[in-house]
Amino acid sequence: MKTLCLIFLVLLGLLGATPGWASYLLLPMDQSQKNHLKAYGIAYWALQRQVEVDWLLNYQGGAFAFKQAQELEKELVVRGISFQTISDAQYNQILTQISAPESNMDVMKLEKAPKIAVYSPKSKQPWDDAVTLVLTYAEIPYDLIYDDDILEDKLPKYDWLHLHHEDFTGQQGKFYSAFRNAPWYIEQKRESEAIAKRFGFSKVPQLKSAVVQRIRDFCAGGGFMFAMCSATDTYDIALAAIGLDITESMFDGDPSDPQAQSKLNFDNTFAFKDFTLIRDPYHPEFSNIDNSQMERGLRENNDYFQLFTYSAKWDPIPTMLTQNHEKTIKGFMGLTTGFKKRLIKSDVVIMGENKAIDEARYIHGTFGKGTWTFYGGHDPEDYQHFVEEEPTDLSLYPNSPGYRLILNNILFPAAKKKKQKT
């Protein structure tokens, strides 16, 4: 009898099914996780190696699960990520719990590591971009592309595009008043004018208009676009102003169209409607979409926004984009901080808001076969990041809920798509 038992155990071992041996790695994403941001990086790393990743929506803060592999386990230890080793039976119990009709949880299969592009000028910028900071910290690879690359049709090579804190209206970020003599401002203006000339445009606003239309086509064809800060509202302003001159002479050499406001086409925009341009070149705002600091009436100690909770089984897309271990997120400012809700189109999904001041901070929508997400503010861990400040050290904020929202968007294109039911 003992001999038969020994033979049985040897056979099970050869088949990789020895009872009691752990066979799954579970990465909790609740308060027990030591490094939320690097956990996203390991999920991406696994996808690059054709390892199947389960994203357990609303389970332990949006946990990740993988088949156990020695190489993966070593990488988790090296990167300082919390994980548990569990058996097949234990994982099946989790899946049963998640699949129960009464539970607001679901399993999203992640299939392929998306190819990532970050839109950014080639010249050095006097500020840092939150997305490149968190991608670097999480060890997720990306390529830098800019206007010339987009006009040379390189964008279709990518699955996911992040728009740098850009001014797509061609007004140089409205930094003219304060920084027109700064070397970085002069170099950025020179770079944009050179690209415009090379592609046959007489001025930069025409170049930017062509770029936003290429990005629009990228989304229509199935691409995923994510924007923060001024790349959100200026993108929509540029779409509404296609064929119009809305910039003053210090930016493009001639005055703007005095009737431009009445000629805006809000049918062209992704998110916003009925907004009013702010034409003064010395005023830092581009339009009334953004809630200015004076309008908001908030300070760092009382500036927060709330994430919505969605049905994981019925609304998988906003559920993925709002996975977090916190539902109350610290506010943070930028050239564009928050969006007036009354100027947001009715079909846009508002995923994060400050209800007290009627402000949306995190919004999402579809365009053609693709999607877009706008996230107000500049740096989730630096309340008011100034030009030429030192970049945020994310090793001090490995559990940042605000940065997690960015990384949700990074993994979203990897998901096996389920039809949204509402």
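Predicted model: local features only at pLDDT ≥ 70, side-chain atom pairs only at ≥ 80, totals over all residues.
Two strands are said to pair if DSSP finds at least two bridges between them. Strand 2 (residues 53–57) and strand 3 (residues 63–67) run antiparallel and are joined by 4 bridges. Leucine 56, for instance, has alanine 63 of strand 3 as its bridge partner.

These strands belong to an open sheet of 5 strands, arranged in the order 4-1-3-2-5 with antiparallel pairing. The edges are taken by strand 4 (84–86) and strand 5 (106–110); each has a single partner strand, so one side of each is left without a neighbour in the sheet. On average, and with direction ignored, neighbouring strands are turned by 25 degrees against each other. Helix 3 (residues 70–79) packs on this sheet, where it touches strand 1 (24–27), strand 3 and strand 4. The direction of helix 3 makes about 25 degrees with that of strand 1.

In soluble globular proteins, nonpolar side chains tend to be buried together. Here the largest nonpolar core has 60 residues, and those that touch the most other members are Trp55, Phe64, Phe66, Leu110, Met228, Tyr375 and Ile406. Helix 2 (residues 36–48) supplies the largest share of this core, 9 residues. Because domain 1 (20–110) and domain 2 (116–414) both give residues to this core, it lies between them.

Isoleucine 406 illustrates the contacts: leaving aside residues up to four places away in sequence, isoleucine 406 touches Ala130, Val131, Val134, Phe226, Met228, Tyr375 and Pro380. Another core, of 48 residues, lies apart from the largest one and includes Leu207, Phe218, Tyr235 and Phe374.

Notes. Residues numbered from 1 in each chain as written. Heavy atoms only, no water. Core = buried A, V, L, I, M, F, W, Y, C linked by side-chain atoms within 4.5 Å. Buried < 20%, exposed > 50% of the residue type's maximum accessible area, 1.4 Å probe, protein only. Helix = DSSP H or I, 4+ residues; strand = E, 2+ residues; numbered from the N terminus. Domains from an automatic or database assignment. Contact = heavy atoms within 4.5 Å. Axes fitted to C-alpha atoms, helices over the stretch in contact; angles between N-to-C directions.
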